Amino acid sequence: MTKRTFEQAFNAIFHDSKAFVDFCGLDVASEVETFTVSGREIFKTSDKFKKYLRFIDRVILRHLAKDKNVVHSFTKDKNTFTAVRAHTDSNYFFLTDIRNFYSNIKITDVLRILERDKERIPISDIDSYINLLASLMTFNGSVPVGFSTSPQLSNGFLFEFDCAVREFCESNVLTYTRYADDIIISGKSFEELSDLKEIIQTFLNKYASSTLLLNEEKTRITHLGNKVKILGLSILPNRKVTIDTKYKKKLELLLHFYVTDESKYKSFLEEEFKGSEKSLFGMLHYVQSIDPDYLEKLQRKYGVFALRTLMEERWNESR
C-alpha cells in the first residue's frame, strides 16, 4: 500500500496549499448549527466544513476495519434490502436497536478507533493528525448526528462487537446483520432467540462501550406468519421481501392523485416529499429494486405511461 502525507492527500483533493492551514486550524463550533427535530438534536455543518468532513471520510474512514459479512449500512452494494434479505430462510426474528447510539460514541472512542486502524490508513504521518481528526469529527465530546463522518465511524466503533456477535451466531446456527444501530438476528425456533437480549447487551458493553444500552421499547421477537417488519420492509409468509404496507398506501394514494387530480397530487407530494418529484422518482426506483412484481402491479393499476413518466430523470417539477 502506497502511503503519502496527510497534506499531500489534502492537496490532491483541494489543490490549494493554503487551505490545509485553514483545515488544521478550523474552529468547529463556528462551522456547526445545532437544532432539534422531534426531540432529537441534529447538527448541520457549513458548506466548507462539509467538504472537509467528506475528505476525511474518503481518505481516512473508508479504511477503518468493519465486518463486511454482517454490516449493511454505509457499505458498497449493501442496503436495507440486503440486510433483511439475509434472514428470509429463518422463522423467528430478534429485532432491537441501540439507544442514543451516536451520542454515546465519545471522542475517546474515536481516538481508539483511529489508533487501532492507523496501519490500515494510507497516510504516512497519520500519528501526527489523530488528535486533530478526532476533534473535527466530534462535537461537545461526542459523535454528532448530521456529520458525514459519523456513519463510517459508527461502523468502525462496532467492529469488535460485530465480530463477536457474528461468531456467536455462526456457532449457534443463527443469522446476524446490522444496519446502523439496528440489530437483526434470526433462527429457526423461538428458543434459539429467547435469551438474546441479555447476551447482546453483554456483548455491547464488553466489545463496544459500557455506556451503550439496547432500546427496550424496540426490542422484540417476531415470527414468520406475522407481518415481519424490518427497516421499512416486510418479510411475507412466503418469505418474499417487499415494501412495508404503510409506504405502499402512501405511494398508491400519491399515484392515484397523479392520474386523477393534479391539485391533490401536488398537495400530497408536498406533504410526503416536500413537493419534489425527484424524491418520488427515487422511491419508485427503490420499489423496483426490491419488489419488481409490486411495481408491475402499480403499472397495471395506474398505467405504464404514468409510472414511466415519473421514473424518468427528466421529470417536470412544475407539473
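## A buried residue to start with

I130 is buried, with a relative accessible area of 6%; buried means under 20% relative accessible area, exposed over 50% and partly exposed in between, using a 1.4 Å probe and protein chains only. I130 lies in helix α6, residues 130-136. Helices here are DSSP runs of H or I with at least four residues, strands are runs of E with at least two, and both are numbered from the N terminus.

What does I130 touch beyond its neighbours within four places in sequence? Its partners there are L111, L114, E115 and K118, where contact means heavy atoms within 4.5 Å. K118 and I130 are 12 residues apart along the chain, and their C-alpha atoms are separated by 8.8 Å.

## Where the model comes from

This is a predicted model, in which local features need pLDDT of at least 70 and side-chain atom pairs count only at pLDDT 80 or more, while totals for chains, interfaces and linings use all residues. Residues are numbered from 1 along each chain as its sequence is written, and side-chain values use heavy atoms, leaving out hydrogens and water.

## The protein as a whole

Stepping back, the protein has 14 helices and 9 strands. Its C-alpha trace spans about 60 × 55 × 40 Å along the principal axes. Of its 319 residues, 48% count as buried.

Among the contacts with a separation of 6 or more, 69% are between residues 24 or more positions apart. The protein exposes about 16400 Å², and carbon and sulfur atoms supply 48% of that area; accessible areas come from the Shrake-Rupley method with a 1.4 Å probe, and for residues only the protein chains shown count as cover.

## Strand β3 and its two partners

Strand β3 covers residues 92-97 and is mostly covered, with 5 of its 6 residues buried. Strand β5 (residues 182-187) runs antiparallel to β3 and is joined to it by 6 bridges. Strand β6 (residues 220-223) is also antiparallel to β3, with 4 bridges between them. Two strands pair if DSSP finds at least two bridges between them.

Which residues stand opposite F93? In β5 it is S186, and in β6 it is T222.

## A sheet of three strands

Another place to look is the open sheet of 3 strands in the order β7-β8-β9, where the pairing is antiparallel. β7 (228-230) and β9 (241-243) stand at the edges with a single partner strand each, so one side of each has no neighbour in the sheet. Neighbouring strands of this sheet are turned by 35° against each other on average, direction ignored.

β8 (residues 233-235) pairs with β9 over 3 bridges, and the bridge partner of S234 in β9 is T242. Helix α12 (residues 277-290) lies across β8 and β9 and runs at about 165° to β9.

Finally, helix α13 (residues 292-302) packs against helix α14 (residues 304-311) at an angle of about 120°, with their axes 6 Å apart. Axes are lines fitted to C-alpha atoms, for helices over the stretch in contact, and angles run from 0 to 180 degrees between N-to-C directions. α13 and α14 are therefore oblique to each other: angles under 35 degrees count as roughly parallel, over 145 as roughly antiparallel, 65 to 115 as roughly perpendicular and the rest as oblique.

On the α13 side, the contact is made by L295, L298, Q299 and Y302, and on the α14 side by V304, A306, L307 and M311. These residues divide into 7 nonpolar, 1 polar and no charged. Ala, Val, Leu, Ile, Met, Phe, Trp, Tyr, Cys and Pro count as nonpolar, Asp, Glu, Lys and Arg as charged, and the others, Gly among them, as polar.
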